[in-house]
Amino acid sequence: MDDLPVSHAHKHGELTPMQRGAYLLGGLVLAAAGARPRPNPLLSVAALGAGAYLAWRGAEGSCPLKAMIDEERAGSRPMIEPG
């Protein structure tokens, strides 16, 4: 694995340091916005949940959606044709 370029040394779905920072910052901002009182408490709960999830993914350093995209780009999953 040492012979591979840095971009190919990562597992599918692993976030780069820049992406991790963006996930953390975006998640914390969204969670902070959700913590403010709103007329519709459901929106506050949704913003808190989404922000916490993004921040958690940034702290963990992986993302299932990015993994799916990476697999598609690598051609490791066959394309599914409709019906």
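## Ground rules

Residues are numbered from 1 along each chain as its sequence is written. In this predicted model, local features need pLDDT of at least 70 and side-chain atom pairs count only at pLDDT 80 or more, while totals for chains, interfaces and linings use all residues; side-chain values use heavy atoms, with hydrogens and water left out.

## The chain as a whole

Let's start with the fold: the chain has 4 helices and 0 strands, and its elements run α-α-α-α from the N terminus on. Helices (H or I, at least four residues) and strands (E, at least two) are DSSP runs, numbered from the N terminus.

Of the 83 residues in the chain, 19% are buried (under 20% relative accessible area; exposed is over 50%, partly exposed in between, with a 1.4 Å probe and protein chains only). Among contacts (heavy atoms within 4.5 Å) between residues at least 6 apart in sequence, 63% join residues at least 24 apart.

Helix H4 spans residues 64-74 and holds Asp 70. Asp 70 counts as buried because its relative accessible area is 18%. Leaving aside neighbours within four places in sequence, Asp 70 is in contact with His 12 and Gly 13. With Gly 13 there is also a specific atom to look at: the side chain of Asp 70 reaches the backbone nitrogen of Gly 13 at 3.1 Å.

Met 68 lies in helix H4 too. With a relative accessible area of 42%, Met 68 is partly exposed.

Note on methods
Polar contact = N/O pair within 3.5 Å; in protein donor to acceptor, adjacent residues only side chain to side chain.
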